[in-house]
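Biologist: I have not looked at this one before. Can you walk me through it?
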Amino acid sequence: MRVVLLGAPGAGKGTHCKRIVARYGLLHLSSGDILRRERAEGTALGKKAQSYMDAGTLVPDDLIVEMMSKAIQAARAGGYVLDGFPRTVRQAEALDRALAKGNNGIDVVINLQVNDNVVVERITGRRSCPKCGAVYHVKNMPPKRDGVCDHDGAALVQRPDDTAEVVKNRLATYYEQTEPVVEYYKARRDVRDVPADGEADAVAATLFEELDALK
Ligand code: AMP
């Protein structure tokens with residue numbers, strides 16, 4: 001199964017991808033995670049991406065398309081879920097061209113729908129472990145000990161692009177450049193809208209119903 005997961009920043013793409021991966025045995029291909037890894041390793045791509053990411057704007061399409069094409073190729077025949085990509089209509093077109101070559105269509109596009117006030121609350125409260133990548137929320141999913149990862153005891157950090165100021169830019173970027181991707185897919189593919197303001201378990205239940213029906 002090949003799934004594209006769309007949604008505003010903070011819609012729960014990362015959280016639900018983890019659950020989808022666990023349930024259906026798919027590979028998780030997250031453009032944001034790959035970029036953060038490239039940055040941590042100090043690669044040329046990571047350095048190029050840095051300023052865009054910190055400002056809450058998008059990394060240029062060409063860089064992203066090349067990076068994600070490699071990741072998709074590496075996934076080969078296996079199923080995967082794309083998280084954070086495509087984020088512009090140009091990226092969606094490039095993905096369609098790349099997949100048409102290998103005859104590997106996308107089976108379904110899931111569109112997580114969330115209100116702006118929920119996005120701001122979720123993102124500004126998000127904290128993550130720099131060591132193992134576990135994600136927490138100061139109110140909704142706090143660690144057992146304040147500011148400390150449950151798994152490895154590392155001090156939790158706030159992503160530099162999760163501050164209130166940058167979140168505003170990320171939302172504006174989403175409406176301007178990524179929302180049109182939903183329309184692009186609605187004209188071409190099976191798109192399922194999933195309301196995602198609620199608790200993660202309830203959202204996941206709806207999401208799984210949609211995906212189970214495809215099996
Ligand atoms: P995310 O973790 O998906 O919220 O992504 C974090 C940041 O990485 C975004 O704010 C962008 O700067 C960059 N990024 C991730 N995916 C893409 C993409 N598909 N196109 C352009 N920039 C991206």
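This is a predicted model: local features need pLDDT of at least 70, side-chain atom pairs count only at pLDDT 80 or more; totals for chains, interfaces and linings use all residues.

Biologist: Which residues of H1 are buried?
Modeller: Lys13, His16, Cys17, Ile20 and Tyr24 are buried. Looking down the axis of H1, the buried residues fall within an arc of 105°, so they line one face of the helix.

Biologist: What follows H1?
Modeller: Gly25, with a positive phi near 65°.

Biologist: OK, on to the core. How many residues are in the largest nonpolar one?
Modeller: The largest nonpolar core has 54 residues. Leu82, Ile110, Leu112 and Tyr185 have the most contacts inside that core. Helix H7, residues 164-186, supplies the largest share, 7 residues.

Biologist: Take Ile110. What does it touch?
Modeller: Leaving out residues up to four places away in sequence, Ile110 touches Val3, Val4, Leu5 and Leu6, and also Arg192, Val194, Leu207, Glu210 and Leu211.

Biologist: Switching to the ligand. Which residues come nearest?
Modeller: There are 16 residues around the ligand, and Ser31, Arg36, Thr57, Gly84 and Gln91 come nearest.

Biologist: What about polar atoms there?
Modeller: In the side chain of Ser31, an N or O atom is 2.8 Å from a nitrogen atom of the ligand. Gln91 has a polar side-chain atom 2.9 Å from a ligand nitrogen atom. For Arg87, a polar side-chain atom lies 3.1 Å from an oxygen atom of the ligand.

Biologist: Back to Ser31. Where does it lie?
Modeller: Ser31 is in helix H2, residues 31-40.

Biologist: Buried or exposed?
Modeller: Ser31 counts as buried, because its relative accessibility is 4% and the cut-off for buried is under 20%.

Biologist: Which residues does Ser31 touch?
Modeller: Not counting residues up to four places away in sequence, Ser31 touches Met67, Met68, Asp83, Gly84, Phe85 and Arg87. Of these, Gly84 is also one of the residues that come nearest the ligand, and Arg87 has the polar side-chain atom at 3.1 Å from a ligand oxygen.

Terms used. Residues are numbered from 1 along each chain as its sequence is written. Side-chain values use heavy atoms; hydrogens and water are left out. Buried means under 20% relative accessible area, exposed over 50%, partly exposed in between (1.4 Å probe, protein chains only). Helices (H or I, at least four residues) and strands (E, at least two) are DSSP runs, numbered from the N terminus. The arc is that of the directions from the helix axis to the C-beta atoms. A nonpolar core is a set of buried Ala, Val, Leu, Ile, Met, Phe, Trp, Tyr and Cys residues joined through side-chain atoms within 4.5 Å. Contact means heavy atoms within 4.5 Å. A residue is near a molecule or strand if one of its heavy atoms lies within 4 Å of it. A polar contact is a pair of N or O atoms within 3.5 Å; within protein, one must be able to donate a hydrogen and the other to accept it, and residues adjacent in sequence count only if both atoms are side-chain atoms.
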